[in-house]
Amino acid sequence: MNIAVVGLSHKTATVEVREKLSIPETQLEGLIAQLCSYPNIEEVGILSTCNRLEIHIVATETEQGIRELIQFLSENSQIPLPQLRPHLFILLHQDAVMHLMRVAAGLDSLVLGEGQILAQVKNAHKLGQQYKGIGRLLNRLFKQAITAGKRVRTETSIGKGAVSISSAAVELAQQKVETLYGTTLEPYSFTIVGAGKMSRLLVQHLLSKGAKKISIVNRSVRRAEELARKFPDAQLQLHPLSEMINVISESDIAFTSTAATEPLLDRSQLEAVLETNQQLMLFDISVPRNVAADVNELDNVQAFNVDDLQAVVAQNQESRRQMAMEAERLLEEEVEAFEVWWRSLETVSTISSLRDKVEGIREQELEKALSRLGSEFAEKHQEVIEALTRGIVNKILHDPMVQLRAQQDIETRRLAMQSLQMLFNLDTGEQFG
């Protein structure tokens, strides 16, 4: 069994490509079942966020399993293979293990060290188990990655002051206002479309920057009320989705963060409600996008999406680089812990079969020897002779077992196991590929 990961992220694909591959939670159960039905895929874990889609698999035949997975991604996204391949990354074995550790630790995030991704990895693990995609190998890998993410955040300072996508959006809005108008965010009015976790973070960051006038627009007013209750000291104005365009038209800055799969805002809607000289800033932090690309054609509208946050993030990178190096050392320890477990797991059947075979030979030969020695001698000395033979067997088996477990390279280890199986005529039921 081999571990592999195939995916794409903000590093390899634009938001236009990422949104086509984004997998909503409502589709996970069916897609996991579909992937697990493929001949060469045994286990599946899917991590789908605004900035990445990664599918972690355990494959019986690595090359075939990856081919099945890439074909699935092409069909599910309706992007032809030749167009999709340049955006994908493929990692195998130890590289795949280290990658998930880095992701959970926030070292592969758009915002270095951000904390939200750890919760997303936990959720991917929980749903993967719930929908019968994650088995023994991926269960251990995800648990180890979650442990690694927690260690990095508690044993380094990388999480202190780390910004989420929401925070980066507010930071970018503040930069734009200061550059254009030389003021703070306090005098401006804000609209947030959506009432989920990202919207809660937007409210939190806006309030911390001094914002006073914040409106929440959401399809479910009840959910918007739940969000408002988290900020009892803030006078949040709540509106149903039907009032969205009118509320935005009365705002200076708007943020969109919903799970809608089609744009909620486009040029024609804004053009109909905005005055000619009225300026509006739009920050779309959703994938798929909530704001259509054609709004940028309006002279009085500035629209930004998640890819535009790169500039904000870049300013924070250098100060965290040293902490990231420290975190990498911790991750190496976690990877090694997983590797030790993985190696021991793979060699268990071969070692067990070898020990059973040698032990069977020892018992047969001991029984023959004791019968030849006579019952009186046998009863008197059986314990000593049995201890002697066990000691010989243990010493003979010790080096092969230690060497087999110690093999770092997967192919070398498998070759050693195959050699043992052939030389000792062992039947372990193992298939290597």
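In this predicted model, a network of salt bridges links Lys11, Arg52, Glu54, Arg102, Asp108 and Glu328. The structure as a whole holds 20 salt bridges, and several others are worth a visit.

How do the two side chains compare in burial? Arg151 counts as buried because its relative accessibility is 18%, under the 20% cut-off, while Glu333, at 46%, counts as partly exposed. Arg151 also forms a salt bridge with Glu334, where the closest N and O atoms are 3.0 Å apart. This pair again links distant parts of the chain, from Arg151 in helix H7 to Glu334 in helix H13, 183 residues away. Here both Arg151 and Glu334 are buried.

Arg390 and Glu386 are joined with their closest N and O atoms 3.3 Å apart; both lie in helix H14, separated by four residues, or about one turn of the helix. An α-helix has 3.6 residues a turn, so residues three or four places apart point the same way. Arg390 is partly exposed, with a relative accessible area of 37%, and Glu386 is also classed as partly exposed, at 24%. Helix H14 spans residues 375-406 and includes Ile392, which is partly exposed with a relative accessible area of 44%. Together with Leu388 and Ile396, Ile392 forms a nonpolar patch on the surface, and the three residues have about 300 Å² of accessible area together.

Turning to the strands, four of them make an open sheet with antiparallel pairing, in the order E2-E3-E1-E4. Strands E2 (41-49) and E4 (89-92) stand at the edges with a single partner strand each, so one side of each has no neighbour in the sheet. On average, neighbouring strands in this sheet are turned by 15° against each other, direction ignored. Within the sheet, strand E1 (residues 2-9) pairs with strand E3 (residues 52-59) over eight bridges in the antiparallel sense. Arg52, a member of the salt-bridge network described above, is the bridge partner in E3 of Ser9.

A parallel pairing is seen elsewhere, where strand E8 (residues 253-256) meets E9 over four bridges. In this pairing, Phe255 stands opposite Phe283 of E9.

Finally, helix H8 (residues 165-181) contains 17 residues and reaches 24 Å from its first C-alpha to its last, close to the 24 Å expected at 1.5 Å a residue. Buried residues of H8 include Ile165, Val170, Glu171, Leu172, Gln174 and Val177. After H8 comes Gly182, which has a positive phi near 65°.

Technical notes: Residues numbered from 1 in each chain as written. Predicted model: local features only at pLDDT ≥ 70, side-chain atom pairs only at ≥ 80, totals over all residues. Heavy atoms only, no water. Patch = residues over 30% accessible without salt bridge, like charges linked within 9 Å, V, L, I, M, F, W, Y side chains within 5 Å. Areas by Shrake-Rupley, 256 points an atom, 1.4 Å probe, with all protein chains shown as cover. Salt bridge = Lys/Arg side-chain N within 4 Å of Asp/Glu carboxyl O. Helix = DSSP H or I, 4+ residues; strand = E, 2+ residues; numbered from the N terminus. Buried < 20%, exposed > 50% of the residue type's maximum accessible area, 1.4 Å probe, protein only. Expected span 1.5 Å × (residues − 1). Pairing = 2+ DSSP bridges. Axes fitted to C-alpha atoms, helices over the stretch in contact; angles between N-to-C directions.
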